[in-house]
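Dear colleague,

Please find below the sequence and structure that I am handing over to you. My notes on the findings follow directly after them.

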Amino acid sequence: MVSRVIPVDTFDLVIFGGTGDLARRKILPGLFRRFCSGQMPDEARIIGAARTDFDSKGYRNLVAEAIAEFGGKTLADCADLPRFLERLEYIKIDARGDEGWADLRDMIRNDVITAYYFSVGPGLFGDLAQRLNSWKIATSDSRIVVEKPFGRDLTTAKELNASLAAEFDETQIYRIDHYLGKETVQNLMAIRFGNLLFEPLWNSQYIDHIQISVAESVGVGGRGAYYDKSGAMRDMVQNHLMQLLCLIAMEPPSKFDPDAVRDEKLKVIRALEPVEPHELVRGQYSEGPEGPSYREEAGDPKTFTESYVALKAKIANWRWSGVPFYLRTGKRLKARASEIAVVFKKLPHSIFGDEGDEGQNILAIHLQPNEGITLDVTIKEPGPGGMRLAHVPLDMTFAETLGDQAEDAPDAYERLIMDVIRGNQTLFMRGDEVEAAWAWTDPIIEGWQRRNDVPKLYDAGSSGPDDALALLHRDLRKWRDIEP
Ligand code: NAP
């Protein structure tokens with residue numbers, strides 16, 4: 001299979017926070033990859049903007065260092081770096097002051113696509129949006145890209161939405177959830193809606209339950225103090241895990257179009273039932289050979305913030321009635337592994353009697369570290385000796401199945417930025433979606449705060465707190481192993 005790279009139209013992309021961690025680790029190396037692949041045109045420009053004093057030469061050095069540090073081997077081998085760096089400019093600007101805005105206005109071309117990436121803390125989103133308009137820099141065709149976290153509850157999310165809506169139309173706002181840019185997550189939609197095979201089985205008649213797991217082996221490390229203000233529920237569940245749940249649970253949209261897809265996702269979020277206290281487990285990792293405890297890394301010996309959450313979500317509609325969606329995410333677990341597992345029901349009747357041990361079919365969508373899809377099926381064990389059955393995965397690990405094409409697949413950020421330039425909002429969250437997600441999450445958080453709930457300790461390098469195991473055991477089910 002030959003990979004097709006379609007160049008996007010020429011653009012000016014301004015990265016507010018162009019000197020920050022996200023810009024250096026993800027956005028700029030990602031753009032360089034798109035440049036090397038031929039997708040970013042030679043005439044496009046990237047303008048870094050922040051308060052630090054740099055000239056364009058100094059900024060290009062910073063970007064070259066970031067690419068060397070975070071770009072990986074493919075980028076180190078790409079000979080196009082000098083040409084890419086020429087596409088970079090820098091503007092010293094203050095989101096809260098007047099400095100730099102006139103220079104930015106003079107620099108922006110009005111005959112190309114213009115996009116403004118807010119890679120700064122959410123406290124500055126409103127200031128940036130307002131100045132882009134009051135300085136007459138943005139036009140009705142400009143796009144703005146905003147990072148997570150999008151609020152810390154429904155009230156703050158509404159405030160943020162209002163501050164953006166005061167300046168821009170919803171069709172111009174691209175709220176990033178980088179999970180939606182992952183190759184496998186998009187493949188989930190292709191598998192569901194591009195094959196006849198699965199959709200007839202995709203309901204409570206054939207599916208027993210769904211597991212969505214996002215496990216990290218690292219702890220919060222140096223980000224402890226920052227992370228402690230949010231915790232796993234706000235940092236992961238409200239956005240990434242809920243988006244995955246939506247893609248699994250939504251009705252087939254009539255077309256692959258931004259609003260058709262997002263309308264269906266929104267219906268799922270609105271159909272989520274409240275989570276009962278016994279359907280929720282929060283945890284915190286303790287000290288272990290891998291490193292200090294969560295509390296030590298957070299710098300607060302009494303903090304009750306969770307580094308782990310597991311919960312049982314239920315969707316009140318015809319398709320999913322009685323099918324639990326078990327969600328879990330945590331840090332400092334035994335491996336870095338994320339997957340969605342669709343566990344089908346047991347056979348209604350075994351024709352193989354005692355010899356047979358037909359397991360359940362499981363469709364597993366592996367998000368990281370190795371992206372791919374497996375389908376566990378039952379076959380006869382080869383050889384003589386009667387009808388012994390075995391469960392084997394039909395394995396579609398992309399790196400093996402698609403070879404170089406999978407290797408060259410864009411990372412989530414680069415794909416999403418190219419979608420911004422193309423003006424395609426399908427993989428971005430709409431304002432009402434984000435608010436609905438908070439409306440479901442807020443009562444869960446308020447509930448544990450009211451109960452003074454204390455997170456359960458779990459061993460670093462384990463699968464999480466024992467109570468999370470019990471969450472499924474009670475339903476006569478068990479979590480799949482967390483394995484890379
Ligand atoms: P960061 O490293 O602290 O960078 C913040 C950037 O904002 C810097 O370039 C800073 O540069 C600039 N800045 C701060 N105040 C400014 C002002 N008044 N005017 C203009 N520029 C200003 O933060 P980050 O980690 O890159 O995160 C940026 C955003 O992405 C945050 O919303 C974060 O939650 C989100 N995010 C980050 C990650 C990640 O992996 N880092 C992942 C997901 C989401 P100066 O100090 O020079 O002005």
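With which side chain does the side chain of Asp-169 make a polar contact? The model is a predicted one, and in it the partner is the side chain of Thr-171, at 2.5 Å. Asp-169 belongs to the loop that runs between α7 (154-165) and β6 (173-175). Ser-142 is 27 residues away from Asp-169 along the chain, and the C-alpha atoms of the two are separated by 9.9 Å.

The sheet is the next point. Six strands form an open sheet in the order β3-β2-β1-β4-β5-β6, and their pairing is parallel. Its edge strands are β3 (88-92) and β6, each of which pairs on one side only. From one strand to the next, the twist averages 20°. Within this sheet, strand β4 (residues 113-118) pairs with strand β5 (residues 143-146) in the parallel sense, over four bridges. Phe-118 has Val-146 in β5 standing opposite.

Ring pairs link Phe-118 with Phe-16, Trp-101, Tyr-116 and Phe-125 into a cluster. The count of aromatic pairs in the model comes to 17. One of these pairs is formed by Phe-198 and Trp-202, whose ring centres are 6.4 Å apart and whose planes stand at 75°; the pair is therefore edge-to-face, as planes over 60 degrees apart are counted in that way. The two residues of this pair can also be described by their accessibility. Phe-198 has a relative accessibility of 9% and so counts as buried. Trp-202, at 0% relative accessibility, counts as buried.

Finally, two arginine residues are placed over aromatic rings. Arg-175 lies over the face of Phe-150, at 5.0 Å from the ring centre. Arg-282 lies over the face of Trp-448, and here the distance from the ring centre is 4.0 Å.

With kind regards

Technical notes:
Residues numbered from 1 in each chain as written. Predicted model: local features only at pLDDT ≥ 70, side-chain atom pairs only at ≥ 80, totals over all residues. Heavy atoms only, no water. Helix = DSSP H or I, 4+ residues; strand = E, 2+ residues; numbered from the N terminus. Polar contact = N/O pair within 3.5 Å; in protein donor to acceptor, adjacent residues only side chain to side chain. Phe/Tyr/Trp six-rings, centres within 6.5 Å; stacked < 30°, edge-to-face > 60°. Buried < 20%, exposed > 50% of the residue type's maximum accessible area, 1.4 Å probe, protein only. Lys NZ or Arg CZ within 6 Å of the ring centre and 35° of its normal. Pairing = 2+ DSSP bridges. Axes fitted to C-alpha atoms, helices over the stretch in contact; angles between N-to-C directions.
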